[in-house]
Number of protein chains: 2
Amino acid sequence: MDTENTLAALRARVPEQLLVTDPDSVGRYAHDEAEWAPHGTPAAVVRPVRTEDVVAVVRTCAELGVPVVPRGAGTGLSGGANALDGCVMISFEHMNSVLEINPREQLAVTQPGVINDDFRAACREHGAWYPPDPASSPWSTIGGNVATNAGGVCCVKYGVTRDYVLGLEAVVGDGEVVRLGRRTAKGVTGYDLCGLFVGSEGTLGVITEITVKLLPGVRAPERTVVGYFDSLVAAGEAVAAVAASGVVPSALELLDRHCLRAVDEWKNMGLSDEAEVLLLGRSDTPGEAGEQEVATLVECFEKAGATFSAASTDQHEADALFAARRLAYPALERLGPLLTEDVCVPRALVPDMLAKVEAAAVRHDTLIANIAHAGDGNLHPLIITPAGDDAARERAQRAFDDIVADAIALGGTVSGEHGIGLLKRAGLHDELGPTVVGMHHAVKNGLDPAGIFNPGKVFGEPTR
Amino acid sequence: MDTENTLAALRARVPEQLLVTDPDSVGRYAHDEAEWAPHGTPAAVVRPVRTEDVVAVVRTCAELGVPVVPRGAGTGLSGGANALDGCVMISFEHMNSVLEINPREQLAVTQPGVINDDFRAACREHGAWYPPDPASSPWSTIGGNVATNAGGVCCVKYGVTRDYVLGLEAVVGDGEVVRLGRRTAKGVTGYDLCGLFVGSEGTLGVITEITVKLLPGVRAPERTVVGYFDSLVAAGEAVAAVAASGVVPSALELLDRHCLRAVDEWKNMGLSDEAEVLLLGRSDTPGEAGEQEVATLVECFEKAGATFSAASTDQHEADALFAARRLAYPALERLGPLLTEDVCVPRALVPDMLAKVEAAAVRHDTLIANIAHAGDGNLHPLIITPAGDDAARERAQRAFDDIVADAIALGGTVSGEHGIGLLKRAGLHDELGPTVVGMHHAVKNGLDPAGIFNPGKVFGEPTR
């Protein structure tokens with residue numbers, strides 16, 4: 001009934017060919033890749049081709065009080081893009097043009113639906129570099145990256161999505177189009193509403209265009225350092241040693257034996273014969289300074305007890321190891337539903353946090369694989385449960401909750417880069433406390449008086 | 001009467017020795033260095049020694065509905081820290097301790113009243129580097145830098161204050177103490193309220209502690225390139241050429257003949273014999289890559305018609321030139337009241353904007369000196385009027401308004417780094433438009449329901 005109402009109102013304003021209404025097709029848009037997060041059934045999906053289409057959707061939904069849920073590629077891992085019952089999903093697959101790449105001003109302007117890898121390739125063709133490189137970069141969209149403030153491998157040296165977003169066009173309120181931020185290198189005119197929208201997971205409005213900062217495209221070739229370790233904690237100590245050394249690597253990634261085995265079983269790379277835990281460091285500093293950084297990384301790995309540590313002299317091998325890093329998540333997904341953690345702790349406490357993850361796995365008799373942007377202190381314990389085993393699922397949830405609590409106790413945060421969505425709401429409340437959550441509600445209520453933009457996500461009451 | 005009320009209420013909660021109430025002393029806190037901005041008379045000044053003192057002030061003011069105006073060193077150039085009649089000023093001169101410098105976590109924690117240069121020196125002693133370096137760095141405080149999102153010479157390569165602020169403690173609402181942001185390298189838990197407070201000029205709460213990111217302290221020595229030009233526009237073309245070259249200099253500063261003469265008259269440096277316009281570039285890239293950058297800068301300067309262009313081989317001379325850059329503002333202040341512009345335009349449009357500044361000077365028969373963080377497109381036309389000449393003042397105001405309008409028309413912003421305060425409110429309204437200004441009011445009303453935090457500043461109705 002409500003759904004029919006919504007559809008009729010949409011049809012009055014939105015061209016028919018932009019609407020997806022048959023239940024099977026709609027169902028494919030109803031959730032992201034957070035397998036544990038609940039989702040509802042949307043009334044419809046709209047696939048806009050221009051900002052005016054988004055305006056039409058927001059106006060309609062504001063009048064009816066119907067939730068609007070924007071969606072990129074649906075690669076999110078926290079349920080942020082999951083449907084609410086009766087909502088209208090906006091999917092940006094047809095707003096996927098790069099509008100401007102301007103190396104002189106060191107910026108690019110893009111529609112939200114462009115795939116991260118496609119966007120970065122387009123920038124490269126113009127001699128420019130857009131650093132943010134989430135592991136989902138072959139699939140995820142720039143719009144989704146901005147909505148979640150996505151991170152990636154390069155962040156340890158080059159920062160996250162938020163560090164690159166200069167300006168946004170967004171549809172806000174009951175359908176006004178605004179421009180936030182700027183095109184200039186600097187600017188302090190008013191509140192940083194552009195930065196506020198980055199990472200707001202669709203709760204403040206719908207982003208329809210994005211202006212990002214670019215870096216020069218000419219980069220020194222990266223040198224790779226490989227370290228094999230017998231234990232997670234030893235690898236963690238190598239990470240803490242790198243932090244203490246003052247070297248800022250261009251990547252510092254960790255993969256444990258579960259990841260290595262899963263990749264081997266899928267792609268037959270022979271990684272797990274070599275190590276229990278693999279640490280991959282990179283330096284992109286040119287010349288002698290870069291050589292010195294590589295030597296320091298090797299030294300840090302050795303001091304922490306690496307069973308093998310060396311600068312890779314074989315670029316093919318080095319690339320294969322980083323490819324394995326990117327394959328680890330899909331390889332593990334083949335083993336069963338994953339509950340993905342994303343805690344981030346101070347760098348020096350990476351060994352402590354890894355020890356706590358191991359303890360949680362033992363305590364709750366559950367399998368936890370570890371991928372980590374270790375140089376950031378951003379860990380991704382992946383809790384794997386056999387499909388259909390409810391008891392295992394219950395244990396996994398307890399391990400998840402313990403890891404979140406441990407990260408907060410170590411002065412860390414419950415989400416380093418994936419966002420809160422639905423899965424981490426309890427953790428957000430624990431981390432921020434009631435006054436800061438109250439500030440979130442005040443901002444949300446001020447900017448979304450109709451309460452239609454992805455309501456209940458991020459800081460809504462956890463329902464678990 | 002109201003003042004007496006406020007004083008009585010403050011005395012009930014704030015230790016007497018923290019209060020400044022005698023009119024002469026209070027008067028010294030009543031305004032910043034924006035000589036053209038109006039200011040009122042505070043009821044009192046409080047000089048807190050701990051966060052609890054700030055809580056006491058905010059509670060008192062929330063109960064009475066009295067404005068709270070936080071103040072750093074009063075070096076602001078837009079009137080952001082100017083007193084409102086009957087307000088309570090909070091001056092942080094006694095909350096001036098650096099609390100932690102942690103090179104391993106690449107962060108530092110400080111009270112707001114620490115002077116920028118003192119803070120950066122303390123970081124250097126720990127082998128770490130805090131880049132933001134506003135020209136006011138010998139006097140301005142970190143708290144003021146954060147409140148205005150201050151820029152500086154290094155920003156062209158290393159970004160502004162906002163790029164370094166990880167976390168804040170603030171007193172908000174009617175006296176709650178909150179922690180915003182984080183200590184970890186990454187984090188996406190909830191809205192970026194920390195980033196929202198940076199540059200909010202005291203309108204959302206009172207910042208009592210600041211956590212900033214640091215970079216490694218070991219830096220390659222900077223190489224300096226000097227260019228002399230016959231005209232502002234030629235120097236602007238050199239700036240545009242540098243932007244087009246893909247080189248990101250570690251500094252690119254412009255000084256025109258008025259600045260050079262003013263420095264000469266004060267410090268007898270002999271600069272104005274050499275050039276009409278001086279451009280100072282720097283590269284801190286180590287090794288051959290840095291040498292190549294220097295060669296590219298020289299080439300860009302020459303192509304744009306420099307009368308002289310060379311890499312400086314004399315570090316003493318290079319340092320003297322950058323010292324002259326820092327002296328330019330106080331040297332010009334000796335000539336009469338300055339109306340300070342701070343527009344920022346796309347880099348390629350720097351020559352166009354400089355031409356428009358020159359045209360405004362001619363059209364309104366007023367003296368305009370130009371300092372610029374040229375590599376950012378951030379220009380500081382300084383409009384100089386003889387003291388007491390009302391007609392000249394009127395012409396200066398018209399030139400100021402024209403420059404703001406020109407910057408907006410070129411796709412620029414009315415404030416690159418000084419903030420809006422009182423002087424730029426009309427420009428903010430013109431640049432952002434009513435819907436975005438409405439979003440500012442919504443955020444402000446949500447986070448400051450009592451309306452006590454520096455009310456009327458930034459986006460309040462311009463009264464001129």
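Start with a ring rule: rings of Phe, Tyr and Trp (its six-membered ring) pair if their centres lie within 6.5 Å, with planes under 30 degrees apart counted as stacked, over 60 as edge-to-face and the rest as tilted. This is a predicted model, where local features need pLDDT of at least 70 and side-chain atom pairs count only at pLDDT 80 or more, while totals for chains, interfaces and linings use all residues. Residues are numbered from 1 along each chain as its sequence is written, chains are lettered from A and ligands numbered from 1 in the order in which they are written, and side-chain values use heavy atoms, leaving out hydrogens and water.

**Stop 1: the rings.** Select A:Phe119, A:Tyr130 and A:Tyr164, which form one aromatic cluster. Over all chains, a search of the whole structure finds twelve aromatic pairs. How far apart are the ring centres of A:Phe119 and A:Tyr130? They are 5.1 Å apart with planes at 75 degrees, so this pair is edge-to-face. Both residues are buried (under 20% relative accessible area; exposed is over 50%, partly exposed in between, with a 1.4 Å probe and protein chains only).

Hop to chain B and pick B:Phe229 and B:Phe301, another edge-to-face pair, at 5.9 Å centre to centre and 65 degrees between the planes. B:Phe229 sits in strand S12 and B:Phe301 in helix H10 of chain B, so the pair ties together parts 72 residues apart in sequence. Helices (H or I, at least four residues) and strands (E, at least two) are DSSP runs, numbered from the N terminus.

**Stop 2: the sheet.** Back in chain A, show the open sheet of seven strands, ordered S15-S12-S14-S13-S17-S18-S16 with antiparallel pairing (two strands pair if DSSP finds at least two bridges between them). Its edge strands are S15 (308–311) and S16 (338–340), each pairing on one side only. Now zoom in on S13 (residues 251–256) and S14 (residues 277–283) of chain A: six bridges join them. One to click on is A:Leu255, whose bridge partner in S14(A) is A:Leu278.

**Stop 3: a glycine.** Select B:Gly152, in the loop between helices H5 (142–148) and H6 (155–158) of chain B. Is B:Gly152 buried or exposed? It counts as buried because its relative accessibility is 0%. Setting aside residues up to four places away in sequence, B:Gly152 touches several others, including A:Lys186 and B:His373 (contact means heavy atoms within 4.5 Å).
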